[in-house]
Amino acid sequence: MEFLCYLQDRNYPAVIPVVSNSGELVVTLDSIWGKYYASVFEGVDGIPIENTDCNDYILFAYGKALYTVKKEFSQ
């Protein structure tokens with residue numbers, strides 16, 4: 001979550017986490033099956049990748065976006 005906030009602070013179009021009613025970005029719940037972690041994000045524009053034909057252009061754009069994130073994180 002901190003990384004997403006870091007990217008947002010640098011005007012990179014990353015998803016925006018939503019703060020819970022208790023003021024947390026990640027809510028931890030204990031259950032009989034163990035711990036569960038939950039978070040919520042604001043909606044984003046675009047088309048889900050599973051709804052595309054995943055062509056070379058899309059894969060190139062995806063790789064370019066990952067490079068941009070890596071470059072931003074390295075600074």
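The largest pocket has a lining of 17 residues, and those nearest its centre are Pro13, Val44, Asp45, Tyr62 and Ala65. This is a predicted model, where local features need pLDDT of at least 70 and side-chain atom pairs count only at pLDDT 80 or more, while totals for chains, interfaces and linings use all residues. Residues are numbered from 1 along each chain as its sequence is written, and side-chain values use heavy atoms, leaving out hydrogens and water.

**The pocket**
- A pocket is an open set of points on a 1 Å grid over the protein atoms alone, where a 1.4 Å probe fits, with protein on both sides within 12 Å along at least five of seven lines; lining residues have an atom within 4 Å of a point.
- The largest pocket holds about 560 Å³ of space.
- Helix α2 gives the largest share of this lining, five residues.

**Two helices**
- Helix α1 (residues 2–9) and helix α2 (residues 56–74) have axes that come within 11 Å and cross at roughly 90°.
- The two helices, α1 and α2, are therefore roughly perpendicular to each other (angles of 65 to 115 degrees).
- Phe3, Tyr6 and Leu7 in α1 meet Val69, Glu72 and Phe73 in α2, where contact means heavy atoms within 4.5 Å.

**Confidence**
- The chain has a mean pLDDT of 87, with 99% of its residues at 70 or more; pLDDT is the predictor's confidence in each residue, from 0 to 100.
- Among the elements of the chain, strand β3 (residues 34–38) has the highest mean pLDDT (96) and α1 the lowest (83).

Key
Axes fitted to C-alpha atoms, helices over the stretch in contact; angles between N-to-C directions. Helix = DSSP H or I, 4+ residues; strand = E, 2+ residues; numbered from the N terminus. Parallel < 35°, antiparallel > 145°, perpendicular 65-115°, else oblique. Points joined across faces, edges and corners; volume = space filled by probe spheres on them.
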